[in-house]
Amino acid sequence: MSSGASSPVKSTTPPLSPLSPVSPVSPSSLRLPACRQRDRSPSPMRGYLIPSPLPTRRNRTCSATVRAAEGPVFTGVCKCFSRSKGHGFITPSDGGNDVFVHISDVEGEYVPVEGDEVSYKICSIPPKHEKIQAVDVTITHLVPGTKHETWSGAVVES
């Protein structure tokens with residue numbers, strides 16, 4: 001134990017001066033380290049990928065969901081549905097234009113196939129709200145004599 005005065009603790013961080021940079025002035029002033037260069041594969045779709053404008057169950061607003069839930073129930077026949085593409089179309093039983101249906105809006109255990117009778121509600125598609133899509137789609141009658149696939153991948157013959 002020494003009886004002398006202890007030495008002051010020295011800081012290793014230099015004090016900030018009014019001229020020292022706190023954040024970069026512009027993104028162009030940021031530079032990646034020169035030691036590593038990443039090679040990316042030249043994808044032809046790189047510049048064309050944009051987010052989907054279709055409102056799915058995950059990104060639909062609460063107000064749109066409430067409006068759709070309060071609306072009337074329509075019936076129709078599945079015109080086509082592609083599980084790999086994630087969408088299909090319903091032909092309304094009262095006629096009119098085909099209605100778009102997204103995979104996230106299909107209820108129940110079966111993947112719709114052509115000819116299945118379905119019930120659904122409708123919701124408008126932003127941004128202009130000129131088109132509609134089917135929501136809360138439920139298969140009410142499986143088309144007889146066809147193979148139906150469940151969401152888990154099992155095939156059932158009806």
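The count of salt bridges comes to 2, a salt bridge being a side-chain nitrogen of Lys or Arg within 4 Å of a carboxyl oxygen of Asp or Glu. The structure is a predicted model, in which local features need pLDDT of at least 70 and side-chain atom pairs count only at pLDDT 80 or more, while totals for chains, interfaces and linings use all residues. Residues are numbered from 1 along each chain as its sequence is written, and side-chain values use heavy atoms, with hydrogens and water left out.

**Salt bridges**

| Pair | Closest N and O atoms |
|---|---|
| Lys79 and Asp98 | 2.6 Å |
| Glu149 and Arg83 | 2.8 Å |

Strands, like helices, are DSSP runs numbered from the N terminus; a strand (E) has at least two residues and a helix (H or I) at least four. Glu149 is partly exposed, with a relative accessible area of 31%, and Arg83 is also partly exposed, at 31% relative accessibility. In this classification, buried means under 20% relative accessible area, exposed means over 50%, and partly exposed lies in between (1.4 Å probe, protein chains only).

Lys79 forms its salt bridge with Asp98. This pair links distant parts of the chain, 19 residues apart: Lys79 is in strand β1 (residues 74-82), and Asp98 is in the loop between β2 and β3. Lys79 counts as partly exposed at 43% relative accessibility, and Asp98 is partly exposed with a relative accessible area of 30%.

**The barrel**

Five strands form a closed barrel with mixed pairing, in the order β1-β2-β3-β5-β4. The twist from one strand to the next averages 50°; axes are lines fitted to C-alpha atoms, for helices over the stretch in contact, and angles run from 0 to 180 degrees between N-to-C directions. Strands of a sheet pair through backbone hydrogen bonds, either parallel or antiparallel. Two strands are taken as paired if DSSP finds at least two bridges between them. Strand β2 (residues 87-92) and strand β3 (residues 99-102) run antiparallel and are joined by 4 bridges. Within this pairing, His87 has His102 in β3 as its bridge partner.

**A buried polar residue**

Gln133 belongs to strand β5 (residues 131-141). Gln133 is buried, with a relative accessible area of 0%. Its side chain makes a polar contact with the side chain of Asp105 at 3.1 Å. A polar contact is a pair of N or O atoms within 3.5 Å; within protein, one must be able to donate a hydrogen and the other to accept it, and residues adjacent in sequence count only if both atoms are side-chain atoms.
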